[in-house]
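Hi everyone, thanks for making time. Let me put the structure up, and then we'll walk through a few spots together.

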Amino acid sequence: MTPPDTLAASSLNLLLWVAGQHGADVPALSQAIGFDPAAAAGPDARVPLATIQRLWPLVMEATHDPHFDLHIGGHINFATAGTLAYVLMHAPTVGAAITQLCRYQDVACQGVRTFQTPASEWPGGIWLNLELTSPAIVHPQYVLNSELSIYLAAFATLTGQPVLPQAVRIAYPRPTDTREHEQTLGTTNLAFDAPFTQVAFDAATLALPVLHANPALFPLFEQHAAALLAQLPTSQPPTLAERVRGEIVRLLKGEAPTLAAVADCLHLGVRTLQLKLKEAGHTYQQLLGAVRSELAQRHLRESHLSITDVAFLLGYSEPSVFVRSFKKWTGQTPGAFRR
C-alpha cells in the first residue's frame, strides 16, 4: 500500500495558530479534523497531508476572511516554521535560500514540488515554479495562495525588506477581483489559468543578502534537513523532469550531456522526450541550466574546489563561460558568491 503524503506538523499548527488569532475556535477545529496537537508536538513530527486539506475550508469559514489563504504569510513567525525555515535563515542570499527551498520542500510538505527555471525576460533571474503533485490536495487554490504568501513573507523576513516578484503566474482561474492578489503578491503583472504556478525574481533580488545568516550554522541545519528528507517515504513516482534531471547529474562529468544521451538513458526517442517535456512545461536546456545552477552553488561551498574545478565538473570547457553563466543565474560571480 502506498504511504500517504505528509507535511510537517509545525505547518498545521501554524495554520491553526493564525486561525486562532483571527477568532477561530482552535480546539473545535482540531477536533473536527481529528488532530491532536499534543501528539504531534515534536519538532520533526509529521501528519498526513489530507489532514490539513480537511482543515482549509473550515478555517476559511471560521476566520470570516475570504482571503485568509493570501493573508496567512503576514501573520506567521517564520522562525517557528520548522527545520526548513532554519536552513533558509542561514543561506547567504535570497537566491541561495530559494535553491535550498527547492531541495528540501518535501520536509515542509510533500505535496508541492518547487523547482527553478531561468527567466529569460529578466537576465540572471529565475522562475520559482510550484507544482501540486499529491492526489490528497483537493483545495489547490488554498494551497497555492498560502504557499505564495508564506514564501514572499519569508523572503521579506530574511532580508529585512519587501521582496517583490517581477511577475506571477497562477494555475487556477482568474477571480472576478484580483486586487487582493496584487496587494499581497506585490505585483500587477499577474496571469491566471497558467500551466504552472510561477513567481519571477530578477538578479538583483536573488543577490539580496540574508540578514543574520550564520555560515557556521548553515551546514548543521542542512544536514538535519537532508536526514529528514531521506526518512520520508516516497509515495509518488518521479516525474519525467525529475528523471531527466537525475540523468543530467549522473552524466555531468567533464562535458554537458546532450539531449540525445539523456533520451537514450531513458529509452526514449529524442523527439518523444522533447514533446513530453514540452507538455510538462519544460525544455531540456532549462533543466540542464537548473541542474548546473544548483550544483554550482553546492560545489562553490566546498573550499577545496577551485572555480576551474567547478567549471569542469559542470561540463564547461572554459572557466570564463562558467563565470558568465553563473552570473546570469545568480547575479554574482562565483568568487563573490563564495566569499
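Helix α11 (residues 240–251) and helix α13 (residues 270–279) pack with their axes 10 Å apart, at an angle of about 125°. That makes α11 oblique to α13; angles under 35 degrees count as roughly parallel, over 145 as roughly antiparallel, 65 to 115 as roughly perpendicular and the rest as oblique. Axes here are lines fitted to C-alpha atoms, for helices over the stretch in contact, with angles from 0 to 180 degrees between N-to-C directions. Helices are DSSP runs (H or I, at least four residues), numbered from the N terminus.

Who touches whom? On the α11 side we have Leu240, Ala241 and Val244, and on the α13 side Leu273, Lys276 and Leu277, where contact means heavy atoms within 4.5 Å. By class, that contact has five nonpolar, no polar and one charged residues (Ala, Val, Leu, Ile, Met, Phe, Trp, Tyr, Cys and Pro are nonpolar, Asp, Glu, Lys and Arg charged, and the others, Gly among them, polar).

A word on the source: this is a predicted model, where local features need pLDDT of at least 70 and side-chain atom pairs count only at pLDDT 80 or more, while totals for chains, interfaces and linings use all residues. Residues are numbered from 1 along each chain as its sequence is written, and side-chain values use heavy atoms, without hydrogens and water.

Now helix α1 (residues 9–21) and helix α3 (residues 49–62): their axes come within 11 Å and cross at roughly 10°, so α1 is roughly parallel to α3. Their contact has eight nonpolar, one polar and no charged residues.

Technical notes: Helix = DSSP H or I, 4+ residues; strand = E, 2+ residues; numbered from the N terminus.
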